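Subject: Structure handover

Hello,

Here is the structure I promised to pass on. Please open it beside this email and follow along.

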Amino acid sequence: MFGQSYFQLISPLIFLVFSLGFALLWHYARYIRALRLFSLSYFLGACAMMGDFLRNAMDPVVAIYVINPLYVATSVTFCAGLFTFYRGGVPWRALTAQSAVILLALSWFKFVQEDIVIRTMVMNAGAAVMLGYAAIELRRDMRRLVDRILQAIVLIYSFHMILRTLVVLWYEHQTLTEANYADSIAALSLYFALSIAALALAGILFVMFGMEIVRRLTRTSETDPLTGLLNRRGLENRLSSIINDGPDCDVGYAVVMADIDRFKNVNDTYGHDAGDVIIRAFADLLGEVARECDCVARWGGEEFFIVIS
């Protein structure tokens with residue numbers, strides 16, 4: 001029993017550590033809104049597993065309507081994090097409908113047709129379907145290799161949840177009761193599977209968010225904050241790529257230098273705020289007339305640099 005209890009405490013600890021990790025990342029990268037949802041998801045998962053650990057100290061009905069909604073909320077917030085990261089919005093109606101079906105089925109097989117085996121199957125299969133729905137729905141948005149790896153992990157875990165539950169319940173369905181569920185193979189295998197999935201998913205998510213932060217920092221360092229165009233550093237990197245690729249292609253390039261005449265008089269007469277408005281307007285004009293294959297940058301002050309292919 002001590003060994004089982006010790007193992008049961010490892011899982012919520014893992015979830016709590018990752019929840020704090022996502023929260024810390026969000027503190028420094030608040031523009032990635034999905035981090036809050038993943039932090040909340042892992043925190044709810046830790047609470048759900050702690051509730052399972054304390055299940056025997058609760059009234060059975062209280063345990064059902066405290067622990068199971070926490071597991072459902074864990075899946076909902078994880079899926080919401082995926083949708084937020086890839087699409088910027090969450091299909092709350094679909095996720096809420098799936099959650100309602102799970103909780104209604106739990107109530108049915110508790111008060112109408114008492115069956116803990118089916119309730120266990122409903123919980124595991126319901127979470128699996130919800131995660132699988134998110135992975136399949138986002139398949140067109142998950143294009144990079146790291147996205148495909150995340151999608152594969154989610155789908156494999158979803159399939160594993162259903163298969164593992166079927167095998168375990170087939171093995172111990174005759175002996176499973178409310179009193180022994182916390183120490184049953186069904187519960188212990190769930191904790192083990194959740195721990196492995198938490199490690200795999202958190203690992204790939206941290207890689208994804210790290211890539212996003214690096215990409216943002218790179219874009220910021222190469223972008224002029226006033227106009228949104230490339231700055232001199234960004235232009236030099238782009239020109240370096242063009243020069244390196246030049247020998248291997250037959251594309252010709254033209255370079256245009258442009259500035260705003262008598263711009264100093266504008267600043268002296270109307271102030272620098274008015275000058276900034278003019279610079280932004282001129283940059284917007286260049287951006288509108290430039291083609292996708294062209295490169296427009298702010299060289300400095302009122303000077304602009306355009307590379308035309």
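This is a predicted model: local features need pLDDT of at least 70, side-chain atom pairs count only at pLDDT 80 or more; totals for chains, interfaces and linings use all residues.

**The sheet**

Strand β1 (residues 254-259) and strand β3 (residues 303-308) run antiparallel, joined by six bridges.

Val256 sits opposite Ile306 in β3. Val255 faces Val307 in β3.

Now take the other side. Five bridges link strand β2 (residues 295-300) to β3, again in the antiparallel sense. Here Cys295 stands opposite Val307. Val307 of β3 therefore has Val255 opposite it and Cys295 opposite it as well, where pairing of strands rests on at least two bridges.

What is the order of the strands? The three form an open sheet, β1-β3-β2, with antiparallel pairing. β1 and β2 are the edge strands, each pairing on one side only. From one strand to the next, the twist averages 20°.

β2 and β3 also make a hairpin, with two residues between the strands. Gly301 in that hairpin has a positive phi near 60°.

Helix α10 (residues 272-289) lies across β1, β2 and β3. Its direction is at about 5° to β3.

**A residue with positive phi**

Look next at the loop between β1 and α9 (263-270), where Arg262 lies. Its phi is near 50°, a positive value in a residue other than glycine. Most residues other than glycine have a negative phi.

Is Arg262 buried or exposed? Arg262 counts as exposed, because its relative accessibility is 64% and the cut-off for exposed is over 50%.

**A residue in helix α3**

Ala63 is found in helix α3 (residues 60-87). Ala63 counts as buried because its relative accessibility is 1%, and buried means under 20%.

Which residues does Ala63 touch, leaving out those up to four places away in sequence? They are Arg55, Met58 and Asn68.

How far is Ala63 from Ile306? Their C-alpha atoms are separated by 66 Å. Along the chain, the two residues are 243 residues apart. Ile306 is the β3 residue that stands opposite Val256.

**The largest pocket**

The volume of the largest pocket is about 160 Å³. Its lining consists of Ile153, Ile156, Tyr157, His160, Arg164, Ser189, Phe192, Ala193, Ile196, Ala197 and Ala200. α6 (145-172) and α7 (185-221) are the elements that give two or more residues to this lining. Which of them gives the largest share? α7 does, with six residues.

By class, the pocket lining has eight nonpolar residues, two polar and one charged.

**The cavities**

How many cavities of 30 Å³ or more does a search of the whole structure find? It finds two.

The largest cavity holds about 470 Å³ of space. It is lined by 30 residues. The closest to its centre are Tyr71, Met123, Met161, Leu190 and Leu194.

Five helices each supply at least two residues of this lining: α2 (34-53), α3, α5 (116-137), α6 and α7. Among them is α3, the helix that holds Ala63. α5 gives the largest share, seven residues. Sorted by class, the lining has 19 nonpolar, seven polar and four charged residues.

The second largest cavity has about 40 Å³ of space. Thr120, Asn124, Arg164, Thr165, Val168, Leu169, Tyr181, Ala186 and Leu190 line it. α5, α6 and α7 each give two or more residues to that lining. The most come from α6, with four residues. The classes are five nonpolar, three polar and one charged.

**Where to begin**

Start with β3, which pairs with β1 and with β2. Then turn to α6 and α7, which contribute to the linings of the largest pocket, the largest cavity and the second largest cavity.

Best wishes

Note on methods: Residues are numbered from 1 along each chain as its sequence is written. Side-chain values use heavy atoms; hydrogens and water are left out. Buried means under 20% relative accessible area, exposed over 50%, partly exposed in between (1.4 Å probe, protein chains only). Contact means heavy atoms within 4.5 Å. Axes are lines fitted to C-alpha atoms, for helices over the stretch in contact, and angles run from 0 to 180 degrees between N-to-C directions. On a 1 Å grid over the protein atoms alone, a cavity is a set of points where a 1.4 Å probe fits but cannot get out, and a pocket is an open set with protein on both sides within 12 Å along at least five of seven lines; lining residues have an atom within 4 Å of a point. Grid points are joined across faces, edges and corners, and a volume is the space filled by probe spheres set on the points. Ala, Val, Leu, Ile, Met, Phe, Trp, Tyr, Cys and Pro count as nonpolar, Asp, Glu, Lys and Arg as charged, and the others, Gly among them, as polar.
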